[in-house]
Structure formats: C-alpha cells, structure tokens
Amino acid sequence: MTSTRGSAGAGPAPGRARRVPPGPPRTATFSLLRKLALDRLDLMRSAARYGDAVRIAIGPRTLYFFNHPDHAKHVLADNSANYHKGIGLVQARRALGDGLLTSEGELWRRQRRVVQPAFQHKRVSGQADVVAEEAAKLVARLRARAGGPPVDIVRELTGLTLGVLGRSLLDADLHAHRSIGEDFEAVQDQAMFEMVTQGLVPMWLPLPRQRRFRRARRRLEHVVDSLVAERTARPADGDDALSRLIASVREEPDPRVGRRRLRDELVTLLLAGHETTASTLGWAFHLLDRHPEAARRVREEAVEVLGDRTPVVDDLPRLSYTTMVLQETMRLYPAVWILTRVAQQADEVGGFHVPAGSDVMVCPYTLHRHPEFWDSPEDFDPERFAPANSAPRPRYAYIPFGAGPRFCVGSHLGTMEAVFVLAMVGRELRLTGVPGRKAVPEPMLSLRIRGGLPMTVHAAGP
C-alpha cells in the first residue's frame, strides 16, 4: 500500500494540479460495502493503513477519509461552514428528525442557542449534587447484587444516565419510562440501517426492523408528550432545557411544525444525553477490570479525596487520576467514533482536492490511535494524559467531544458524571468481567458494547 502523510492546507490552490488521495481500487467495492454493513471499524482501520488522506469508492459514492490533526482542524473548525452533516446522520434524519444532532444552518444555530444556557458551566456545576445522588443510587443497586450472578453494567449505567439527564436538564423523573433505553436501541439500529442502505428502503415496508423502529418511535413520542404535558401543568423556572424548548416552539407560526420540532429536539436530547456517557462508562469499567493497577489507583484516590462522603464539584480537579482514566477510555473508545460531513464547495485538505458534494469522514477512533501522535497507541495508559506528558500533542489529535462549532454541548456534564461514577463505584466495589466474554465494539451512532457488559459485583478490598 502507498502511504500519504501530509498536513492540511487551505482552499484549492489555482494553477496547481489537483492531487487525488490514494485508496482501494473500485474492484474492492463489494468488500467495502460488506465492511460498511458488518464491520465499520475495520473499514476505518483499513482506510488508515493507506495514509492520512484516503479516497474510498463504494458503489456510486466516493468517500474522503482524513486522519491527521490538521485535517480534523480544517474540516471541523477552520472551514466548518463548508462541511454539513454527512453520511449516516443525513440518513438518520428519517429516524431522528431534525434535532440538534442532524439539523443544519439557521435551524441548528437556533436550536443550539435555545439549549446552550442549560449546559453552561455554572449551571451544570450546580447540578453536581444531582449527579452524586444518582451515582449513590447506582452504587446501592450494585452493592445489593454483590456476590450474585453477573449484572449487565451497561443497562445499569443507562439507568443512571437517564436519571441524571431527567433531573438535571428536564426537571423530570425518567425512571418511570422504563422502555427508553430499549427504544433508543431500535432507533439507532434503524439509523444505521438507513446509512448502509442509503435511505433507499421505504420506511413503510413491514420488515421486522422497521416495525420495531415504528413501535419505538411511538413510545418515545409518548414519552415526549408526557414530559411536555407534565411541564405545562407544572411550569418550572424556565432555566432547564425542557422549559427552554417548550418556550422556543411557541414562536412557530404553525403549531404542527412546533410540535414536530419539539418532538425531534427532545428525542435527540434524550438519545445524546444518556447514550454517550453510558457507553463511555461501560468501556471504562471494562478497561479497569483488565488493568487492576489502574483500578487500585482509582480506589485509593477516591478514598483520599472523598473519604466516605459523596463528591462535590470542587473535587473534580482533585480526582486527577480518575479523570485521566476517563480521558484514556475516550481515546481508545470514543463514543463519537466517526464525524461525517458533506463538502458544500470544492476544497483542499492536506494538499488533496475535495470536490463539491463529496462525503468526508474524520474518525476519532483511528485518529486517537495515530502512531505519529500516540506511543503504543493500542495500550491502555492513563499516564499519557498527565500534564507533563500532554504538552507536545497537537490539539486536534484528541477530539472525543468533536471540534469546532459543533463541539458537544454536554461535554462538561458528561465529564463530571463519568468521573463521579468511576470514583464512587471504584471506592466501594470491584467489577469483574465474565470469563470468556469479550467486550466487542459496536459502532452505531455511538461506540457501544455489543450485547451489553455482564460483570460480577464484589465488595472492594481493604
């Protein structure tokens, strides 16, 4: 294979021959389609072996894969206006509607302005007690299962993150809606199916997947209607995300458009607000099980910093090793594993021509494993995030929350939630995997663990 390692450029340079990235031949279309359907991470790893800029022809589509920090900076930040949401998320719109995850242009900017205040650092910091209380409930549930049969940790973590989301952003109890996690699995499955099939399969066909998706959508719409009805009957102070969304749709001249917008935005908020953090924590507990020394250090730090109390927001900087474990987890298994875009105008990235209308991909999963920027990139090593070790690394070599204008609005809440949970669970409990059971990455809208993560709960040692 040829290798092309280069840094990003600006727009196309006039008078210079247009360079085309290397990549698999068109005869590889069938195998690439198979990987797109069955093993998307392997498709990304295969692309990275060609170099930092790769052209992948899959049937009628041509994908441009960029895997250098300078490329990521250019596409996601410097020239972000030229790159709208791309393959996968465009098709996911049929499943998710026009929420913050899939919308573009002025609609996206309006949606972002509406919810941004609910995620401001000061407000999120004020929710630290809510996060700690929900984490304490998780610890109690797990402690009650100590010594018993394995527990699906991902399912438990999903319950935790939904609890935090409901109380901190919606001022609502989501535990009453027990099917949310399962329903979002169906929505994600449908969204990825839309990506693989390019949205060519009619939604009305009575395929089992389609029927499951339609049932899930109906239940999620019922959840949204219930949340809105409860809030309308019991108005809050207007500071949380739900109040802001309800107020914003009142500006819509057409009430039907307003209801649809509210539904799409709440469904997206529910999905993004719980899925990514639950997936990240699942991977973190898997890695700590595989690396007992790191688990021991997390426990010792929690005991030293917290004693027997629950954490407060001022503890976050003191839980430094636990934060490093989280950062390393997000390096190896970034919940946002792929960022897809469509070039609106012709551009030049890394010295390579990108035609208008091209599908462009930046993959944090492979970027976080780039050997030029990460020593022993496949190894779990939280120390690489120690302050003394991170200075030489390019800013865009590590983008677990995305980058540029579409940087994850919930990054601070997700980080606080994950650090608190790792510290509180690690202080009191030890989670061990089931012998012979592997944690297999499943790249859906987030990088989740296929089939959940059964683990046995033990009391922590002395």
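**Sheets, pockets and a cavity in a predicted model**

Good morning. Residues are numbered from 1 along each chain as its sequence is written, and side-chain values use heavy atoms, with hydrogens and water left out.

Some terms first. Helices (H or I, at least four residues) and strands (E, at least two) are DSSP runs numbered from the N terminus, and two strands pair if DSSP finds at least two bridges between them.

Contact here means heavy atoms within 4.5 Å; axes are lines fitted to C-alpha atoms, for helices over the stretch in contact, and angles run from 0 to 180 degrees between N-to-C directions.

The other sheet I wish to present is open, with five strands in the order S1-S2-S8-S5-S3 and mixed pairing. Strands S1 (53-58) and S3 (83-85) are at the edges with a single partner strand each, so one side of each is left without a neighbour in the sheet. From one strand to the next, the twist averages 35°. S1 and strand S2, residues 61-66, pair in the antiparallel sense over six bridges, and Arg55 stands opposite Tyr64 in S2. Helix H2 (residues 40-48) lies across S1, S2 and strand S8 (359-362), at about 70° to S2. Helix H3 (residues 69-78) also packs on the sheet, touching S1, S2, S3, strand S5 (339-343) and S8, and its direction makes about 125° with that of S8.

On a 1 Å grid over the protein atoms alone, a cavity is a set of points where a 1.4 Å probe fits but cannot get out, whereas a pocket is an open set with protein on both sides within 12 Å along at least five of seven lines; lining residues have an atom within 4 Å of a point. Grid points are joined across faces, edges and corners, and a volume is the space filled by probe spheres set on the points.

The largest pocket holds about 730 Å³. Its lining has 26 residues, with Val154, Arg155, Thr158, Gly159 and Gly181 nearest the centre. Helix H8 supplies the largest share, six residues. By class, this lining divides into six nonpolar, 10 polar and 10 charged residues. Here Ala, Val, Leu, Ile, Met, Phe, Trp, Tyr, Cys and Pro count as nonpolar, Asp, Glu, Lys and Arg as charged, and the others, Gly among them, as polar.

The second largest pocket has a volume of about 380 Å³. Of its 18 lining residues, Pro292, Ala295, Arg296, Leu429 and Arg430 lie nearest its centre. The elements giving two or more residues to this lining are H12, helix H13 (292-306), H17 and S9. The lining comprises 10 nonpolar, three polar and five charged residues.

Finally, there are two cavities of 30 Å³ or more. For the second largest cavity, helix H10 (residues 208-233) gives the most to the lining, with three residues. Thank you.

Terms used: Predicted model: local features only at pLDDT ≥ 70, side-chain atom pairs only at ≥ 80, totals over all residues.
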